[in-house]
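Welcome, and thank you for taking a look at this protein.

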Amino acid sequence: AQAAGIPYTPVRAASFGTVGAFANAADINSGRQPPVSQFDLLLDKGFRIGAVRYSGFLRVSNLFNRVNCVQVFVNTGTCDAGLRDFNNRRIGNTGDATTSTSFDQPEYIGARRSLATGITVNF
């Protein structure tokens, strides 16, 4: 599956951290996130022993382990580098605003490779 990047509103440094963030209203939805793609695989083999049918399968999601951005940092347009809005990055941080949680955003990246196997038995 492949999809074009969805639009987002880029934020310039001058408006970053401002309340309301309407300093760049002319740029609304002018940026595009990177496109996403994912290649999945399903292998299935069925066989019969007597009156019983068996089937074994292997399902691989995101076979090539591609990093897909599901959200971007608005000041860089990427999901792996950038800064969060200063008003938001203090949420949940009890220390100063320079903690690493302002950079670590695993929710910005989609699901990585996953494997599932199984056997079905039909009588």
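A disulfide is counted here when two cysteine sulfur atoms lie within 2.5 Å of each other. In general terms, such a link is a covalent bond between the sulfur atoms of two cysteines. The model you see is a predicted one, and a search through the whole of it turns up one disulfide. Cys69 and Cys79 make this link, with 2.1 Å between their sulfur atoms. The link of Cys69 and Cys79 is left-handed, with -55° about the S-S bond. Cys69 and Cys79 are ten residues apart, and each sits in the loop between strand 6 and helix 1 (86–89). Both Cys69 and Cys79 are buried.

**The overall plan**

Let us step back to the whole chain. How many helices and strands does the protein have? The secondary structure comes to one helix and seven strands. Read from the N terminus, the elements follow the order β-β-β-β-β-β-α-β. Of the 123 residues, 21% count as buried. The protein exposes about 8400 Å², and carbon and sulfur atoms supply 59% of that area. Now take the contacts between residues at least 6 apart in sequence: 62% of them join residues at least 24 apart.

Next, find the open sheet of three strands, whose order is 5-6-7 and whose pairing is antiparallel. Strand 5 (41–49) and strand 7 (114–122) stand at the edges with a single partner strand each, so one side of each has no neighbour in the sheet. From one strand to the next, the twist averages 10°. Strands of a sheet pair through backbone hydrogen bonds, either parallel or antiparallel.

Strand 5 and strand 6 run antiparallel and are joined by nine bridges. Within this pairing, Leu43 has Leu58 of strand 6 as its bridge partner. Strand 5 and strand 6 also form a hairpin with two residues between them, and Gly50 in the turn has a positive phi of about 65°.

Why does strand 5 lie largely in the open? Of its nine residues, the number buried is zero, so strand 5 lies largely in the open.

Phe73 lies in the loop between strand 6 and helix 1, while Tyr108 lies in the loop between helix 1 and strand 7, so the pair ties together parts that are 35 residues apart in sequence. Phe73 and Tyr108 are both buried.

Most residues other than glycine have a negative phi, and most peptide bonds are trans.

Where is each of them found? Asn29 belongs to the loop between strand 2 and strand 3, whereas Asn62 has its place in the loop between strand 6 and helix 1. Leaving out residues up to four places away in sequence, Asn62 touches Gln38, Phe39, Asp40, Ala111, Arg112 and Arg113.

Pro10 and Asn29 are 19 residues apart along the chain, and their C-alpha atoms are separated by 7.5 Å.

The table sets out the accessibility of these residues.

| Residue | Relative accessible area | Class |
|---|---|---|
| Pro10 | 22% | partly exposed |
| Asn29 | 46% | partly exposed |
| Asn62 | 1% | buried |

The cut-off explains the classes: buried means under 20% relative accessible area, exposed means over 50%, and partly exposed is in between. Pro10, at 22%, therefore counts as partly exposed, while Asn62, at 1%, counts as buried.

Note on methods:
Residues numbered from 1 in each chain as written. Predicted model: local features only at pLDDT ≥ 70, side-chain atom pairs only at ≥ 80, totals over all residues. Heavy atoms only, no water. Pairing = 2+ DSSP bridges. Helix = DSSP H or I, 4+ residues; strand = E, 2+ residues; numbered from the N terminus. Axes fitted to C-alpha atoms, helices over the stretch in contact; angles between N-to-C directions. Buried < 20%, exposed > 50% of the residue type's maximum accessible area, 1.4 Å probe, protein only. Contact = heavy atoms within 4.5 Å. Areas by Shrake-Rupley, 256 points an atom, 1.4 Å probe, with all protein chains shown as cover.
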